[in-house]
Amino acid sequence: MNDEIVKIKGTKTGLLLSFTQGFDFDTIEQDIREKLESGSGFFTRGTVIQIAPDALRKDDQARLKRLFSRYGVLFRTTDPLAAVQKTREQPNPDRTASEEDAQQMVVVNRTLRGGQEIRTKSSVLVCGNVNPGAQIIAGGSIDIRGTCRGMVHAGAYGNSKAFVIADHLMPMQIRIANLIARSPDEMEKTEKAERASIKDGQIVIEPIER
Amino acid sequence: MSEVIVITSGKGGVGKTTTTANLGVGLAMRGKRVVLVDTDTGLRNLDLLLGLENRIMYDLIDVTEGRVPYKKALVRHKKYDNLFLLPTSQVKDKSSVNPEQLVRLCQELRKEYDYILIDCPAGIEQGFKTAIAGADCAIVVTMPEISAVRDADKIIGELNRADKESIKLVVNRIRPQMVEKGDMLDMNDINDILSIDCIGQVPDDEKVVTSTNRGEPVITLEDSVAGQAYRNIVGRICGEEIPFMDFPKDSFLQRLKKLLGM
């Protein structure tokens with residue numbers, strides 16, 4: 001793995017890129033372009049990419065930013081410490097979430113483990129699993145690229161149009177707006193991605209293509 | 001390059017101390033210079049498993065409070081000259097040591113030893129936080145049981161929060177017959193949930209109990225399956241590629257053979 005030109009590391013706020021010494025910028029750019037075009041799922045729209053401020057020259061940074069923006073990926077140069085502090089700010093749960101908030105997306109690039117919680121007014125995208133004992137409480141919808149075994153609450157501030165999608169949807173409980181559905185006592189691993197939403201006043205789960 | 005490894009689990013009784021003792025002896029058998037640090041203050045056991053209880057003069061608290069240099073508190077193993085134990089106190093409690101003190105101690109131990117194994121107490125409170133403070137990497141021990149796996153998951157989350165990047169998994173006390181019948185979680189289920197690199201699968205073995213009582217870790221027994229599993233883990237820690245042992249279970253060909261009476 002040492003010959004990788006660009007290394008990608010998940011952080012609490014997004015992806016952190018670092019570059020192996022000794023490659024010129026053209027090679028780096030080419031490598032990133034290939035990664036973007038391969039659609040490996042790393043760079044979904046809305047993903048926040050960060051690099052260390054001193055990793056590249058200013059004009060090279062600008063070129064990367066243009067490249068990423070073509071694929072809908074946000075590109076920032078921030079020092080990781082500031083980024084961590086930003087996530088610590090807890091949104092105020094008393095405030096009711098507006099439509100605008102639901103359009104915003106929090107990207108979680110790791111597996112949520114037991115005891116961990118995401119609480120936000122906006123929507124949530126998890127690239128990883130949601131393990132039993134973990135919780136997501138979102139004002140908007142929840143999309144999980146992985147297996148969901150924890151507790152998920154979409155539209156937590158009253159948005160009954162919110163939904164939950166997961167590659168394998170097998171949570172302890174699904175809550176949408178003010179409705180609750182609990183898992184069947186015998187859980188089976190689902191093969192297809194599923195979507196939970198409110199239909200006719202109850203939570204309905206149906207398979208989807210993705 | 002010396003390495004500080006913390007052995008932890010969250011849940012009690014899954015075999016942290018047993019794993020620490022066995023890996024320590026295993027590494028020492030390979031000629032490494034090893035020190036085992038017991039941080040389970042008030043409930044110390046590691047000395048019993050190594051059969052060294054009667055040789056303890058000073059303990060971890062004496063060292064961290066500066067009463068004696070650490071070298072005075074180290075207990076040399078009876079058989080392996082390059083294996084040392086730093087026992088903890090049985091009378092004090094977990095609040096007697098703080099993370100900074102342990103980090104400082106680990107820095108000193110690094111100068112002299114190849115491997116520093118820290119035996120972590122159960123739980124996620126003060127004692128756990130102290131134990132992991134100085135570690136470069138962690139070995140999470142679990143059992144094929146939902147509560148143990150759930151707690152391991154929590155611990156991995158806590159380790160991530162403390163910025164420990166290198167976390168390995170050891171699954172202890174596997175009972176192949178039960179797994180085969182579907183009465184016990186199998187490795188796929190566990191890897192599915194925990195999704196970290198597994199470096200050991202140790203079968204349940206009565207010899208672990210008998211050897212514990214004698215104070216000689218099971219890794220020294222040539223004919224024990226658990227001993228073999230621990231030797232494999234030691235190899236993997238040293239960077240060797242060792243395939244996982246085949247327990248008598250679930251390969252399709254084997255089941256077919258059994259079915260045909262072969």
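Start at the salt bridge between B:D153 and A:R113: the closest N and O atoms of this pair sit 3.0 Å apart. Keep in mind as you look that this is a predicted model. The pair belongs to the interface of chain B and chain A, where 2 salt bridges turn up in total. Polar contacts are there too, with 6 residue pairs joined that way across the interface, both partners at pLDDT 80 or more.

Which parts of chain B do the touching? Two elements, α7 (146-161) and α9 (187-194), each give two or more residues to the side of chain B that touches chain A. Of the elements on that side, α7(B) gives the most, with 6 residues. Taken as a whole, the contact uses 12 residues from chain B and 13 residues from chain A. Together the two chains bury about 970 Å², and 35% of that area is on carbon and sulfur atoms.

Now step over to chain A by itself. Chain A holds 4 helices and 15 strands. It has 210 residues, 45% of which count as buried. If you take the contacts in chain A between residues at least 6 apart in sequence, 35% of them join residues at least 24 apart.

You'll find A:K192 in the loop between β13 (179-182) and β14 (194-199) of chain A. Is A:K192 buried, exposed or something in between? Its relative accessible area is 40%, so A:K192 counts as partly exposed, the class between under 20% and over 50%. Leaving out residues up to four places away in sequence, A:K192 touches A:D167, A:P207, A:I208 and A:E209. One of these partners, A:E209, also makes a polar contact with A:K192, side chain to side chain, at 2.9 Å. For a sense of distance, pick A:S69, which is 123 residues from A:K192 along the chain; their C-alpha atoms are separated by 31 Å.

Back in chain B, have a look at helix α11, residues 225-237. This helix has 13 residues and runs 19 Å from its first C-alpha to its last, close to the 18 Å expected at 1.5 Å a residue. After the helix comes B:G239, with a positive phi near 95 degrees.

How many residues of α11(B) are buried? The count is 11 of its 13, so the helix is mostly covered, with buried meaning under 20% relative accessible area. Among the buried ones are B:A226, B:Y230, B:R231, B:N232 and B:R236. In general, an α-helix has 3.6 residues a turn, so residues three or four places apart point the same way.

One of those buried residues, B:Y230, leads you to another helix. B:Y230 is in contact with B:T18, which also touches B:L49 and B:V208, neighbours within four places in sequence aside. B:T18 itself lies in helix α1 (residues 16-29) of chain B. Why does B:T18 count as buried? Its relative accessibility is 18%, and the cut-off is under 20%, so B:T18 falls on the buried side.

Methods:
Residues are numbered from 1 along each chain as its sequence is written. Chains are lettered from A and ligands numbered from 1 in the order in which they are written. This is a predicted model: local features need pLDDT of at least 70, side-chain atom pairs count only at pLDDT 80 or more; totals for chains, interfaces and linings use all residues. Side-chain values use heavy atoms; hydrogens and water are left out. Contact means heavy atoms within 4.5 Å. Buried area is the accessible area (1.4 Å probe) that two parts lose on being put together, summed over both. A salt bridge is a side-chain nitrogen of Lys or Arg within 4 Å of a carboxyl oxygen of Asp or Glu. A polar contact is a pair of N or O atoms within 3.5 Å; within protein, one must be able to donate a hydrogen and the other to accept it, and residues adjacent in sequence count only if both atoms are side-chain atoms. Buried means under 20% relative accessible area, exposed over 50%, partly exposed in between (1.4 Å probe, protein chains only). The expected span of a helix is 1.5 Å times one less than its number of residues.
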